[in-house]
Amino acid sequence: MNRVIEKFQEAQVRKDLPALRAGDTVRIHVRLKEGEGEKERIQPFEGVVIKKRGKSTGASFTVRRVSFGVGIERVFPVNSPSISSIEVLRQGRVRRAKLYYLRGLKGKAARLQRVDRVETPETAPEEKQS
């Protein structure tokens with residue numbers, strides 16, 4: 001019985017989304033219905049991923065941003081059809097899976113370190129010989 005449920009859930013999971021981690025700065029394009037008509041528009045929501053939870057179809061993540069001095073957190077189901085696309089703008093280097101401590105920080109204290117780019121032989125700077 002579990003195999004049948006797992007196969008059904010695998011069919012529902014979206015494959016077109018990038019891998020997210022806590023500390024990443026992301027821009028999520030959300031589809032919104034306006035008014036009573038059939039009008040639909042896409043609204044971007046940009047912030048830091050502070051939490052991921054769940055697996056498969058029940059997975060979700062929480063994004064936090066500060067707008068006009070007020071912290072706003074929004075929970076997005078990963079497989080929601082209302083998510084048009086997700087862009088990872090910056091990867092943050094964090095040592096926690098849940099970044100709840102960001103709620104108590106303001107301004108520059110709430111910044112996260114960036115992940116250093118891994119140098120491959122093609123991108124590594126050439127050494128000067130003296």
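User: Hi! What share of the 130 residues of the protein chain counts as buried?
Analyst: In this predicted model, 22% of the 130 residues count as buried.

User: Got it. How many helices and strands am I looking at?
Analyst: The protein chain has one helix and seven strands. Following the sequence, you read the pattern α-β-β-β-β-β-β-β.

User: What about contacts between residues at least 6 apart in sequence: what percentage join residues at least 24 apart?
Analyst: That would be 51% of those contacts in the protein chain.

User: Let's go inside. Which residues make up the largest nonpolar core?
Analyst: There are 12 of them: Leu17, Leu20, Val26, Ile28, Val30, Phe45, Val49, Phe61, Val63, Phe76, Ile83 and Ile86. Strands S1 (25-33), S2 (40-53), S3 (60-67) and S5 (83-90) each give this core at least two residues. The largest share comes from S1, with three residues.

User: Nice. Pick Ile28 for me: which residues does it touch, leaving out those up to four places away in sequence?
Analyst: Ile28 touches Gln43, Pro44, Phe45, Phe61, Val63, Phe76, Ile83, Ser85 and Ile86. Among them, Phe45, Phe61, Val63, Phe76, Ile83 and Ile86 also belong to the largest nonpolar core.

User: I see a few Phe residues in there. Which ones do ring pairs link into a cluster?
Analyst: Phe45, Phe61 and Phe76 are the ones linked by ring pairs. The structure holds two aromatic pairs.

User: And which charged end sits over the ring of Phe45, 5.7 Å from its centre?
Analyst: That is the charged end of Arg74. Arg65 lies over the face of Phe45 as well, at 5.3 Å from the ring centre.

User: Changing topic: in what sense do S3 and S4 pair, and over how many bridges?
Analyst: S3 and strand S4 (residues 70-77) pair in the antiparallel sense, over eight bridges. In one of the bridges, Ser60 has Pro77 in S4 as its partner. The two strands form a hairpin with two residues between them.

User: Last one. Where is Gly104?
Analyst: Gly104 is in the loop between strand S6 (92-93) and strand S7 (113-114). With a relative accessible area of 64%, Gly104 is exposed.

User: And how far is Gly104 from Gly71, in sequence and in space?
Analyst: Gly104 and Gly71 are 33 residues apart in sequence, and their C-alpha atoms are 10.0 Å apart in space.

Key. Residues numbered from 1 in each chain as written. Predicted model: local features only at pLDDT ≥ 70, side-chain atom pairs only at ≥ 80, totals over all residues. Heavy atoms only, no water. Core = buried A, V, L, I, M, F, W, Y, C linked by side-chain atoms within 4.5 Å. Buried < 20%, exposed > 50% of the residue type's maximum accessible area, 1.4 Å probe, protein only. Helix = DSSP H or I, 4+ residues; strand = E, 2+ residues; numbered from the N terminus. Contact = heavy atoms within 4.5 Å. Phe/Tyr/Trp six-rings, centres within 6.5 Å; stacked < 30°, edge-to-face > 60°. Lys NZ or Arg CZ within 6 Å of the ring centre and 35° of its normal. Pairing = 2+ DSSP bridges.
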